[in-house]
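Please examine the sequence and the structure before reading on.

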Amino acid sequence: MIKIEKRNDVSRSIYFLTPILAIFLTLIGGGIIFYILGFSPIEALKFFFITPISDLYGLSELLVKATPLCLIAIGLSFCFKSNNWNIGAEGQLIFGGIVGGGVALLFYNHDGYYVLPIIILSGAVGGMLFAMIPAILKTYFNTNEILVSLMLVYVAKLLLDYLVVGPWSNPEGFNFPETRQFSESARMPILFDGLRIHAGIFITLITVFLSWLILYKTYLGFQIKVSGLSLKTAKYAGFKGKTMIIIVFMISGACAGLAGVGEITGPIGQLHRNISPDYGFTAIIVAFLGRLNPVGIIFASLVVALTYLGAETAQIFLQVPKYTGQVFQGMILFFLLGSDYLLFFKIKFLGLRKNEL
Amino acid sequence: MSFDLNFIGILIGAIMASSVPLILAASGELITERSGVLNLGVEGMMIIGAISGFALMVVTDNLFFAVVGSMLSGLIISLIFGLLTQSLLTNHVATGLALTIFGIGMSAMIGKNFVGIPGKEFPLLFLNLKESIPFLGPIFFGHSILLYFAFGLPFLTNFFLKKTKIGLIIRAVGDSPTSASNQGINVTLVRYSCILYGGAMCGLAGSYLSLIYTPQWIENMTGGRGWIALALVVFATWSPIKVLIGALIFGGITILQLHMQAVGLRIPVQLLSALPYIMTIIVLVVISRDSRKIKLNTPTSLGQIFYKEK
């Protein structure tokens, strides 16, 4: 995607500093927008970015939201690093949630330590299988994975809708579009009384560590990185391209599925129509903001989670819509992508996928 | 029987009305993609068009300003995409996604004070003919001017791409930016223009929703139509006439499921709603497995960044 022409000495420190520049520019941009809308910019930004995390409950909520974002973004980094554009993580999250939720309903009223691990595992497998659809279509039918993975998001959403309205709806639920509340054995353990932060955060942290191991310490990670830098080199080196594509999609889908199952067994506790506030799409921003680097993604997920929280606080204090968070998320990505130009000024950009499509 | 026939006519008229935003947005995006640019921001540009059209209607009380303004705002927001992808050479997919996310947020912020305000009646043409001719009346008459424009647009687009010099240039840029550039064509300028045109059409599609189809402002009111429009372009294998056919199929499914809900049929509504997406995937598989076919149909440089060394 990027062929370095003259300057192949892009400073690593600047590479990781531009995201901070992007966040800074976003704050300025957000301030200007708030000013135009008739708010005091400083005060509005304070409500957005400081008030939400000024108490323990707020910090816990930040981690609750960062948990799925970080997890999905880590998975996506495998795809993006190897030039595979999986933008359907939202669908994989939902499908993971559906499979995990189905198993949770199957074990309704079962007690036992084995229930939760089975649910979590099935959620991961669900997400993984769903992500394999675009991967297999790409490798065997040469189909564009951007469009397929995107289309499948809507298929997953509609499937979830069908299930919670129809066959899986709570028999005592007065026809509300939701399933039963899962039994206690199917719920993620809460870490502290009174806060919503749950054991899912450990899944995320373990995944981050494993990803770092895979990406930087294994042959597979090496293959992924080389394929991302130059498909020709990867072919020349004799890497099995097809297998790798399927593997990165599987990893990415499993992560999204885990995030989905973490949400339904964690903060939500049942299946309903809106199990994810577009975490799957927002995680794409997280992955970029974190520079596809496991540690970077941890920090990025906290920043982006804050935009979710800030929007909720601003909705209460400033009466702005909850979608305001998306203005900030969009701006972060705009500024980040834009600032890359300064970084790679003399780098020659080639097509995303020459000789493909 | 005459009542039933008339009912079918009304149904077809409704299907046509629901396909208008899809035709407008997809025709715009088709031109953009033909120039080699993949703009995933359709949904964002549509929702910006929807709110600015509605807001301008409320503020100026003039529908003409509202419609033109929605196109302008779609154009302006697509300019962000143009600046980033064409001048700063950013990745199309990521930039387009950012545009959609940004657009949905921005429209909700602008629309905060416009929630709950009733819309204005948009003039419908040939209403007397609609009433007096059974069956054909409700199909052909009693629509807004935008519907007639939308149904003419694919034919215009087809003519434009195939028979005019500018159309040829756009296709050349999309298929081989390097050789087009060597011929002295300013690739960046062509792509900018196509992006802006696509933005304007998406804005127009959005204002059709907020001014005519459901005349009011609701947060997130495009409800995924932008993504369907994107799917439609692929479904139509980048051919304007097939966009029209596809939009009618997609619109038909929307109307059909509304009626099935009313009648209480047993087929899950969600299955019908998922059909357009599943069908798009199938079409993609069919056209993609044959590399010759995909080369014939797809703009070869779609989604690729073009950089001319100075």
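Predicted model: local features only at pLDDT ≥ 70, side-chain atom pairs only at ≥ 80, totals over all residues.

Residues are numbered from 1 along each chain as its sequence is written, while chains are lettered from A and ligands numbered from 1 in the order in which they are written.

**Interface**

At the boundary between the chains, 44 residues of chain A are in contact with 47 residues of chain B (two residues are in contact if their C-beta atoms, placed from the backbone, lie within 7 Å). On the side of chain A that touches chain B, the elements giving two or more residues are helix H5 (115-141), helix H6 (145-165), helix H11 (279-289), helix H13 (324-343) and strand E2 (348-349) of chain A. Helices (H or I, at least four residues) and strands (E, at least two) are DSSP runs, numbered from the N terminus. H13(A) gives the most to this side, with 13 residues. By class, the residues on this side of chain A are 30 nonpolar, 11 polar and three charged; Ala, Val, Leu, Ile, Met, Phe, Trp, Tyr, Cys and Pro count as nonpolar, Asp, Glu, Lys and Arg as charged, and the others, Gly among them, as polar.

**Two helix pairs**

Two packed helices are described by the angle between their axes and the distance between the axes. Axes are lines fitted to C-alpha atoms, for helices over the stretch in contact, and angles run from 0 to 180 degrees between N-to-C directions.

| Helix pair | Angle | Axis distance |
|---|---|---|
| H2(B) (42-60) and H4(B) (92-111) | about 20° | 7 Å |
| H11(A) and H12(A) (294-317) | about 135° | 8 Å |

H2(B) and H4(B) are therefore roughly parallel to each other, and H11(A) and H12(A) are therefore oblique to each other. Angles under 35 degrees count as roughly parallel, over 145 as roughly antiparallel, 65 to 115 as roughly perpendicular and the rest as oblique. The crossing of H2(B) and H4(B) is left-handed, a term used if the near helix is turned anticlockwise from the far one by less than a right angle, with right-handed used if clockwise. Among the residues that make this contact are Ile47(B), Ile48(B) and Ile51(B) of H2(B), and Phe102(B), Gly103(B) and Met106(B) of H4(B). The contact comprises 11 nonpolar, five polar and one charged residues.

In chain A, H11(A) passes H12(A) in a right-handed crossing. Thr282(A), Ile285(A), Val286(A), Ala287(A) and Leu289(A) of H11(A) meet Ile297(A), Ala300(A), Ser301(A), Val303(A) and Val304(A) of H12(A). Eight of these residues are nonpolar, two are polar and none is charged.

**Single helices**

H12(A) has 24 residues and spans 35 Å from its first C-alpha to its last, close to the 34 Å expected at 1.5 Å a residue; the expected span is 1.5 Å times one less than the number of residues. Just after H12(A), Gln319(A) adopts a positive phi of about 55°. Helix H4 (residues 89-106) of chain A has 18 residues and reaches 25 Å, close to the expected 26 Å. Of its 18 residues, 15 are buried, so H4(A) is largely enclosed by the rest of the structure. A residue is buried if 20 or more other C-beta atoms lie within 10 Å of its own, exposed if 12 or fewer, and partly exposed in between, with C-beta atoms placed from the backbone.

In chain B, helix H11 (residues 225-235) is mostly covered, with 11 of its 11 residues buried. Just after H11(B), Thr237(B) takes a positive phi of about 45°.

**Selected residues of chain B**

Gly103(B), in helix H4 of chain B, is buried, with 32 other C-beta atoms within 10 Å. Leaving aside neighbours within four places in sequence, Gly103(B) is in contact with Gly41(B), Gly44(B), Met45(B), Ile47(B), Ile48(B) and Ile77(B).

Asp61(B) lies between H2 and helix H3 (63-87) of chain B and is exposed, with 10 other C-beta atoms within 10 Å. Leu89(B) lies between H3 and H4 of chain B and is buried, with 20 such atoms within 10 Å.
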